[in-house]
Every structure is written in structure tokens, then in C-alpha cells.
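Open the model in a viewer and keep the selection panel at hand. The stops below go from one selection to the next.

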Amino acid sequence: WTDSFKMFLTCKLANPSFSPELSAKTTIIDFTVTQGGLEQQLLGRLLSKEKMALKESLNTLLTDVTQNKKNLQLLDKSLLEKLTESQGNLLEDQELVEVLNTTKTESKNVQVKLIEAEVKTKEINEQREQFRPVAIRGSVLYFCIIEMSLVNWMYNSSLGQFLQLFDYAIDNSEKAPQPTKRCENIVKFLTYHVYRYINRGLFERDKVTYLLMVCFNLMLRDNKITGADVAMFLKGGSTLDVTERSPMKFIEDTACNNCRALTKHTFQGETVPFFRELIQSIERNENVWKTWLEGNNHDRNSVPDFSERLNADKEIGPFLHLCLVRCIREDRTLVAAQNFISDKLGPEYVAPVTDSIESIWQESLPLVPVLFLLSAGADPTSIIDDFSKKRKKIYCD
């Protein structure tokens, strides 16, 4: 045993659980990226491609600021040493007086440089902030991808994979002279490119789940909804302690209980619940609500008594409508979710898509294999064979 002995252990688990005893005896360092940390990393990555001069200016400025602060500390240290070593009358110590004058002059110069650096840093940061929406969107998309591994372990992805998608979106999105328009183009391209990439590796039943996660996380990041609002959509009336019987024959007890939970919930932290009069509205207009419930058209414009309020707020309205359909017509939740996704992201996200062999080949790399998960009766061998002959590549079975 020697005091200089050190042992390092690594773990691939994202968030390992260690006992308090082990944590007290060791130093545990968590290298897992956070959403804020990834946002800064993506912003720097974007600036290195879009505004390299801006990034270099900031790095140079930070280096100068650090050096100036060190020089200021050295001057203070030198002055203290002279004061400590000086003997006799301080005013008669000519060397000390010269050091004091030099320190005073240099200190003023350094202070001026620090003030100028602060002004320049502020200006540079204002220019950098114009590109932050891209970093925010990238960070949200990455953590949506990571959270899909909780749905199925097969959906695991790495940060390296995502960074390749991020760089590809920057390089291939439409150029624009204005930073605002350029950011809009990158955000639009990045969101759809990541969706198409991830969509290829998802089971059909999980594709809407991924898109809903993207929509919810974007709204959470923009403070349009809260975690409690998302919980309301997911849990419905199961949060209530008592399940009461429905007073209306055409609404099941479970759906009625969901409606009661909806009337009590305060969306966006509002003091007055949005659907406070939902039960009373259904009881007053039973025929109208029955027609709406038994039909297949559950568009926001057709919701009795609430259509005008749902359409008034373009940001939160689609989410409120989704919650209403989930609570009162659970069997139509999938259709309502697709409409919600179309409202928030665009109709192209719910349209059927097919990835051709050529598009997959163009994105493939020699050291990254392409895996086909085949269902019963599916065999891509002939398609791959035809494509390889067309490209004049050798295909080995």
C-alpha cells in the first residue's frame, strides 16, 4: 500500500446507483451531458461553421481577459511583497515608491482593458445569441432520442450519431444572409432530418410516441405547458381517488372520471381550470355532445361550446384539444395525436414515408453497418441486388 496508488473505474451506465457507503469512500464523477451543457456545446459547434471569426474573437478575448486578471494579481502580489520586505520609513524607500507608482499605472491600464473586454464580450454574446434557437432545438431533439431508449432498449443512440446529424443539417440547410432566417432554415431542416433518421429505426407503434415527445418537450422548453399538463394527458382520471358513476348514459364511467379530472386541472398554472364547465356543458347539451362523441370528426372547430376558445390560442389550443379527446374518446387519441403533431411540426411529419435503398446507401459509411429488421415475408435481397448492379458494385450474398 502506498499513498500514491490510485485506481480508476469506469461505468457505461447512464445513471448508476451507488450505495452511500461506496459514495463516501470514492470520488464519483458524472460525465453525462446535461441539456444546458449540450446546448452550449451545440452553439459552439454551430458558430465554428457559421461564424468562425466570431468564435475566434471570443476565444481571443477570453484569453486576454484571463491574462489581464493574472497580471493584476501579480502586481498586487509584488506590491505586498515589497511592503512586507521594506524596513524603516516607507516614504523614504525609493524602490517601494517606484513599485507603487508602477503598480498604480499598470493597474489602471489593466482595468481599462477589462472594461473594454467586457463591452466587446457583451457585443459578441449578443451576436452569438442569434444562433441559440438552433442549439436549443438540437438539445431538445437529442434528449428525446435518448428518452426513447426507455420505451425500447433497442432505440439506444449515441451523442456521436446525433452530432453527425447536426453537422449535416448545418451544411445542407438553405443559406440565408440574415441570421434569423438562417436559424429558421437550420431548425426546420434539422428537425425533419433527425425525424427521418430516427423514424427508420422505430417500430410502427412507437413512431407517434417519439413525435409526441418532441412536441411536448418543445412546448415545455418554451414554457407553453408544464410537466403537470403532460401528466394530465398521460394519466387522465386515474389520478382521482374515487371513481364516480357517469350521470350521462352515453358516456362511460372511465371517460366521465377523466372529464372530472380535466375540469379540476389548471393548465399552464392558471387559477381557473380551462374545462371547468365541461360536465355542465355536456349535461346541458346532451344531444350535441352525443352527436360529436359518436361521430368520427373530432376537429377543434366542431367541439361543442369550446371550439372558439380552443382556436383562440394557437399555441396551447391544439394541446387542450388533444387532452379533451384523450379523456372523453380514448379510442380516438391516436388520430387526435396525429392532428396535434401536424399542427405543431407540420403535415409532413404524419404523412407516410418510405426510405429507399439509395437514400440509405447515401447516408451509410464503410465502418457503420446497415441493419434490416425483417418482418414475416419481407426480403430486401432482390432490391439490394438490383441497386448494387445499377451502381456497378459487387454484391455478396
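**Largest pocket**

Select H6, helix H7 (179-199), helix H8 (204-221) and helix H16 (357-363): each supplies at least two residues of the lining of the largest pocket. Helices are DSSP runs (H or I, at least four residues), numbered from the N terminus. The model is predicted: local features need pLDDT of at least 70, side-chain atom pairs count only at pLDDT 80 or more, and totals for chains, interfaces and linings use all residues. Residues are numbered from 1 along each chain as its sequence is written, and side-chain values use heavy atoms, with hydrogens and water left out.

Next, select Tyr197, Arg200, Gly201, Val370 and Leu371, the closest to the pocket centre among 42 lining residues. A pocket here is an open set of points on a 1 Å grid over the protein atoms alone, where a 1.4 Å probe fits, with protein on both sides within 12 Å along at least five of seven lines; lining residues have an atom within 4 Å of a point. The volume is about 1,700 Å³, taken as the space filled by probe spheres set on the points. Colour the lining by class: 24 nonpolar, twelve polar and six charged residues.

**Second largest pocket**

Move to Leu9, Thr10, Thr27, Ile28 and Ile29, which lie nearest the centre of the second largest pocket, lined by 20 residues. This pocket holds about 830 Å³ of space.

**H2 and H6**

Finally, select helix H2 (residues 35-50) and helix H6 (residues 159-172), whose axes (lines fitted to C-alpha atoms over the stretch in contact) come within 11 Å and cross at roughly 40°.

How values were computed. Axes fitted to C-alpha atoms, helices over the stretch in contact; angles between N-to-C directions. Nonpolar A, V, L, I, M, F, W, Y, C, P; charged D, E, K, R; others polar.
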